[in-house]
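Please look over the sequence and the model below before reading on. The briefing that follows is arranged by topic.

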Amino acid sequence: MALATCMGAALVSCSDAGAEEDGRSAASPAVGEELAGLAQQAADTGSLGIVVRVDSGDGKPVEAARQAAWTKNDHRLAADDLFRVGSNTKTVTATLVLQQVAEGRIGLDDPVEKWLPGQLEDGEDITVRMLLNHTSGLGDFLLTPQFLPSLTGQEQRTWTPEQLLAGTPQRVSAPGETYSYSNANYEALGLVLEKATGTSLAELIEKRITEPLGMENSFLATNADWDTAGTTGKQHVTGYEPAAERLKTILSGTVDLPEGVGFTGPERPGDNVDTSAIDPSWSWAAGGMVSTAQDWQRFLTALMSGELLPEAQLKQMRTTVDAPEEGGGYGLGLMRVDTPCGTVWGHTGGLPGYSSEIYTDVSGRRSVAVLTSTNFGIKDEKAATANKALVDAATCQMLGEPQPSDGPTA
């Protein structure tokens, strides 16, 4: 968590030509031909839709939107489309917590029981820091039988954070013992924030992050409406997932899905379904934000350059525990990822129909975003390989390093 090929020497490819036709921005001519080709190859290999944006810190960001040909019947992809950034939201939540730490309202070593009495197993032994770096030992509710129908859109149900915490499986390890990623950690942190400040999470995000940074196209989703704020006027990326049988094949050996479980939505070519209407509001503090590539790069740049946190809290945020499954380490809502061209900082995100990787260098001066219009679809081996080649190439371009030479060939 594709059919047609449209690659050629021209830098303006299928999706960008379509963008020009209906008046939206095409890719910058400065986008390297190899990077543009990798984006189209990823789209045609299973990523379906790709937005890639690279800001090398020289004032001349480059961006491109590429898509499989059949997806243009749903919409013409543009680089400034709204996108569900999923767990990248965790970095915003962590930033808000650390702002409260700096202001003396929350302590990193506070037991969660202080803030959420009786709501978490072992709440006396789990600290705020453990929630932030996923060492609390809490299980994840995501693939539980109770929640799976909501994740796939088979059930229309509004979940509260309290209900999700109540449905979180028994802990997977003792508090503080080991890293184990769980969305429950950040549902709990959202509740801690609201209790400590007396302010809703959505308002905290607006007043402390999006409004000061001018992130006009970013907001916390409260339902399936793509423009909850009612002000962006932007179109949104259409997201897709494999239909039930293909999904089961892709996940075979990693996730044992119950018989008949699949994503709900209109059928699309290539045994896909359109998942754009699935309600993401359950993800809340763990993954509920809608944004654009440019907006999210603006946030990460501000964060890593010290604009949002004092030096002491930023240092804490970048203090990591081993997380090899994330490509390096995990700090306080922030991933350290070791790429072929160097270390980057940021997060990844995944919701039905949407996958993203957004990173900066250590200074926050340079940033890269790769947004993909499927999540489970790129868990297929060929699709995963093509997508990784694109992410590596875009990251290397951001860092000013030579492109990796071991990517897939067309």
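The model is predicted, and every value quoted here was computed from it.

**Strand 14 and its two partners**

- Strand 14 (residues 367-372) is largely enclosed by the rest of the structure, because six of its six residues are buried.
- In a regular strand, side chains alternate between the two faces of the sheet.
- In strand 14 both faces are covered, with Ser367, Ala369 and Leu371 buried on one side and Val368, Val370 and Thr372 buried on the other.
- On one flank, strand 14 pairs with strand 1 (residues 49-55) in the antiparallel sense over six bridges; among the paired residues, Asp55 has Ser367 as its bridge partner, and Val52 has Val370.
- Strand 13 (residues 354-360) is likewise antiparallel to strand 14 and is joined to it by six bridges, with Tyr359 standing opposite Val368.
- Strand 13 and strand 14 form a hairpin with six residues between them, and in the turn Gly364 has a positive phi of about 80°.

- Strand 1 is mostly covered, since seven of its seven residues are buried.
- The burial of strand 1 extends to both faces: Gly49, Val51, Arg53 and Asp55 are buried on one side, and Ile50, Val52 and Val54 are buried on the other.
- Six bridges join strand 1 to strand 2 in an antiparallel arrangement, and within this pairing the bridge partner of Val54 is Val62.
- The hairpin of strand 1 and strand 2 has six residues between the strands, and Gly57 takes a positive phi near 80° there.
- Strand 12 (residues 342-351) runs antiparallel to strand 13 and is joined to it by seven bridges; Gly346 has Tyr359 of strand 13 as its bridge partner, and Tyr359 also stands opposite Val368 in strand 14.

**The contact of helix 3 with helix 9**

- The axes of helix 3 (residues 89-102) and helix 9 (residues 201-213) come within 11 Å and cross at roughly 80°, an angle that makes helix 3 roughly perpendicular to helix 9.
- The residues that meet are Val92, Thr95, Leu96, Gln99 and Gln100 from helix 3 and Leu201, Leu204, Ile205, Arg208 and Ile209 from helix 9.
- Sorted by class, this contact of helix 3 with helix 9 is made up of six nonpolar, three polar and one charged residues.

**Two buried loop residues**

- His134 is found in the loop between helix 5 (128-132) and helix 6 (148-151), and its relative accessible area is 0%, so His134 counts as buried.
- The side chain of His134 makes a polar contact with the side chain of Tyr330 at 3.4 Å.
- Leaving aside neighbours within four places in sequence, the contacts of His134 include Lys90, Thr178, Tyr179, Ser180, Tyr181, Ser182, Asn185 and Tyr186, as well as Tyr330.
- Thr374 has its place in the loop between strand 14 and helix 14 (381-399), and its relative accessibility is 1%, so Thr374 is also classed as buried.
- The side chain of Thr374 makes a polar contact with the side chain of Glu241 at 3.2 Å.
- Not counting residues up to four places away in sequence, Thr374 touches Gly46, Ser47, Tyr240, Glu241, Pro242, Gly353, Tyr354 and Ser355.

Methods:
Residues are numbered from 1 along each chain as its sequence is written. This is a predicted model: local features need pLDDT of at least 70, side-chain atom pairs count only at pLDDT 80 or more; totals for chains, interfaces and linings use all residues. Side-chain values use heavy atoms; hydrogens and water are left out. Buried means under 20% relative accessible area, exposed over 50%, partly exposed in between (1.4 Å probe, protein chains only). Helices (H or I, at least four residues) and strands (E, at least two) are DSSP runs, numbered from the N terminus. Two strands pair if DSSP finds at least two bridges between them. Axes are lines fitted to C-alpha atoms, for helices over the stretch in contact, and angles run from 0 to 180 degrees between N-to-C directions. Angles under 35 degrees count as roughly parallel, over 145 as roughly antiparallel, 65 to 115 as roughly perpendicular and the rest as oblique. Contact means heavy atoms within 4.5 Å. Ala, Val, Leu, Ile, Met, Phe, Trp, Tyr, Cys and Pro count as nonpolar, Asp, Glu, Lys and Arg as charged, and the others, Gly among them, as polar. A polar contact is a pair of N or O atoms within 3.5 Å; within protein, one must be able to donate a hydrogen and the other to accept it, and residues adjacent in sequence count only if both atoms are side-chain atoms.
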